Amino acid sequence: HRVGETALTDLRDSIIGKAKKVGKKKVRDPEQEYKESMYLYGSGTVAVPATMFKAAMVNAVRLVHGLTMAQVKQMIFTFGTDSEFPEFCAVTGVEPEMHEVIVPTGGTSRGSTLSYRAIFPVGWEIMVGIEFLPGSISLEQVANLLNLAGFSVGIGCQRPERGGQYGRFGILSK
């Protein structure tokens, strides 16, 4: 998920040493957190960064013999199909839904909090462009890496690679 403006402001304030107000806890707005968790481009098109697919393919290399993660990082590049915003891949087929999840707060408190993020129900589609070096990796290897990435790595916060069950994908066509 995208880190929202509210969270970024809080993080920036903590880095520069801006004091927090003592007293009542900050009132959270789940709807705002949900909206801020989405990547948007252009006139509000919901998207994911194209680099998520490259990262998933790189991590899937662990399941393949004969290639290294370093090699795949240099041989494969992903991009969105909108030439004006190539860093994003538009999500189509479904509308995002708010998902409430318990997440660790981190730090020394070892507590938990609720997080409100966008998820895409079954049926989401993304068209991602993949550029690769044909002399070093074949189309079949690229397709295999993409399928492995979709099955066992995934994209997004609660993907299989992180112990979750969301963000899995497969290839619909070439």
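R117 is found in strand β6, which spans residues 112-119; helices (H or I, at least four residues) and strands (E, at least two) are DSSP runs, numbered from the N terminus. The structure is a predicted model, in which local features need pLDDT of at least 70 and side-chain atom pairs count only at pLDDT 80 or more, whereas totals for chains, interfaces and linings use all residues. Residues are numbered from 1 along each chain as its sequence is written, and side-chain values use heavy atoms, with hydrogens and water left out.

R117 is buried, where buried denotes under 20% relative accessible area, exposed over 50%, and partly exposed in between (1.4 Å probe, protein chains only). No salt bridge is formed by R117, a salt bridge being a side-chain nitrogen of Lys or Arg within 4 Å of a carboxyl oxygen of Asp or Glu. The nearest side chain of opposite charge to R117 is that of E33, 7.8 Å away; Lys and Arg count as positive and Asp and Glu as negative, while His and the chain ends are not counted. The side chain of R117 is instead joined to that of S115 by a polar contact of 3.0 Å. A polar contact is a pair of N or O atoms within 3.5 Å; within protein, one must be able to donate a hydrogen and the other to accept it, and residues adjacent in sequence count only if both atoms are side-chain atoms.

Side chains of opposite charge can pair when their charged atoms come close. A search of the whole structure finds three salt bridges. In one of them, E33 is paired with R28, with the closest N and O atoms 2.7 Å apart. R28 is partly exposed, at 39% relative accessible area, and E33 is likewise partly exposed, at 24%.

R62, R159 and E161 are linked in a network of salt bridges. The side chains of R62 and E161 meet at 3.8 Å, N to O. R62 lies in the loop between α3 and α4 and E161 in the segment after α5, so this pair ties together parts that are 99 residues apart in sequence. E161 also meets R159 in a salt bridge, at 2.9 Å, N to O.

Helix α5 comprises 15 residues (139-153) and reaches 20 Å from its first C-alpha to its last, close to the 21 Å expected at 1.5 Å a residue; the expected span is 1.5 Å times one less than the number of residues. V142, L145, L146, A149, G150 and V153 are buried in α5. These residues cover an arc of only 130° around the axis, which puts them on the same side of α5; the arc is that of the directions from the helix axis to the C-beta atoms. On the other side of α5, E140 and F151 are exposed. The buried residues of α5 pack against α3 (51-60), α4 (69-75), β3 (76-80) and β8 (128-132), contact meaning heavy atoms within 4.5 Å. G154, which follows α5, has a positive phi, near 80°.

G135 lies in the loop between β8 and α5 and is exposed, at 80% relative accessibility.
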